[in-house]
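The following report describes a single protein chain from values computed on its atoms. It begins with ring pairs and then moves to individual residues and overall dimensions.

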Amino acid sequence: MKWYHYLAAFAVGFFFGNAVPHLVAGVMGNAFPSPFATPPGVGLSSPLVNVLWGLTNILIGYVMLRLSRAQISHTGSMVAMFMGLTVVSVMTSILFGNAMGSPSF
């Protein structure tokens, strides 16, 4: 695999990971920060907006997964996906924790 295949796998993990908080908050009927809120990422968006944003992230991640050469049998691509998932999880925990009034650490 070339370096950009690993970058694509990283992005797949990033998009799948970003889908989780938006989809969960939306399905639970809770308002949650999204890029479409005012101010973006800080203000709260409706549950419907969060469900749609979460599903969009899943769709983007799926399309990127299909177009990339990432495979479950290839350890390197799975590590890259996990790294993308880890980065977005840590980033969003800090960002949304601050936005929702919770301490980051």
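A search of the whole structure, which is a predicted model, finds two aromatic pairs. Rings of Phe, Tyr and Trp (for Trp, the six-membered ring) pair if their centres lie within 6.5 Å, and planes under 30 degrees apart count as stacked, over 60 as edge-to-face and the rest as tilted.

| Pair | Centre to centre | Angle between planes | Class |
|---|---|---|---|
| W3 and Y4 | 5.7 Å | 85° | edge-to-face |
| F36 and W53 | 5.1 Å | 85° | edge-to-face |

Helices (H or I, at least four residues) and strands (E, at least two) are DSSP runs numbered from the N terminus. Burial is judged by relative accessible area with a 1.4 Å probe and protein chains only: buried means under 20%, exposed over 50%, and partly exposed in between. F36 counts as exposed because its relative accessibility is 54%. In the other pair, W3 is exposed at 63% relative accessibility, whereas Y4 is partly exposed, with a relative accessible area of 40%. Y4 belongs to helix α1 (residues 3-27), and its C-alpha atom is separated by 9.7 Å from that of R69, 65 residues apart along the chain.

Residues are numbered from 1 along each chain as its sequence is written. In this predicted model, local features need pLDDT of at least 70 and side-chain atom pairs count only at pLDDT 80 or more, while totals for chains, interfaces and linings use all residues, and side-chain values use heavy atoms, with hydrogens and water left out.

Helix α2 (residues 47-67) holds L48, which is exposed at 56% relative accessibility. Together with L52, L55 and I58, L48 makes a nonpolar surface patch of about 360 Å². Such patches are made of residues with over 30% relative accessible area and no salt bridge, nonpolar side chains (Val, Leu, Ile, Met, Phe, Trp, Tyr) being joined within 5 Å and like charges within 9 Å; a salt bridge is a side-chain nitrogen of Lys or Arg within 4 Å of a carboxyl oxygen of Asp or Glu.

N57 also has its place in helix α2, but this residue is buried, with a relative accessible area of 1%. Leaving aside neighbours within four places in sequence, N57 is in contact (heavy atoms within 4.5 Å) with F15, N18 and A19.

T92 counts as buried because its relative accessibility is 14%. A polar atom of the T92 side chain lies 2.7 Å from the backbone oxygen of V88.

As for the whole chain, the protein has three helices and two strands, which follow the pattern α-β-β-α-α along the sequence. The C-alpha atoms fill a box of roughly 40 × 30 × 20 Å, taken along the principal axes, and buried residues make up 33% of the 105 residues. Among contacts between residues at least 6 apart in sequence, 62% join residues at least 24 apart. The accessible surface, computed by the Shrake-Rupley method with a 1.4 Å probe, comes to about 6400 Å², of which 74% belongs to carbon and sulfur atoms.

Key
Polar contact = N/O pair within 3.5 Å; in protein donor to acceptor, adjacent residues only side chain to side chain.
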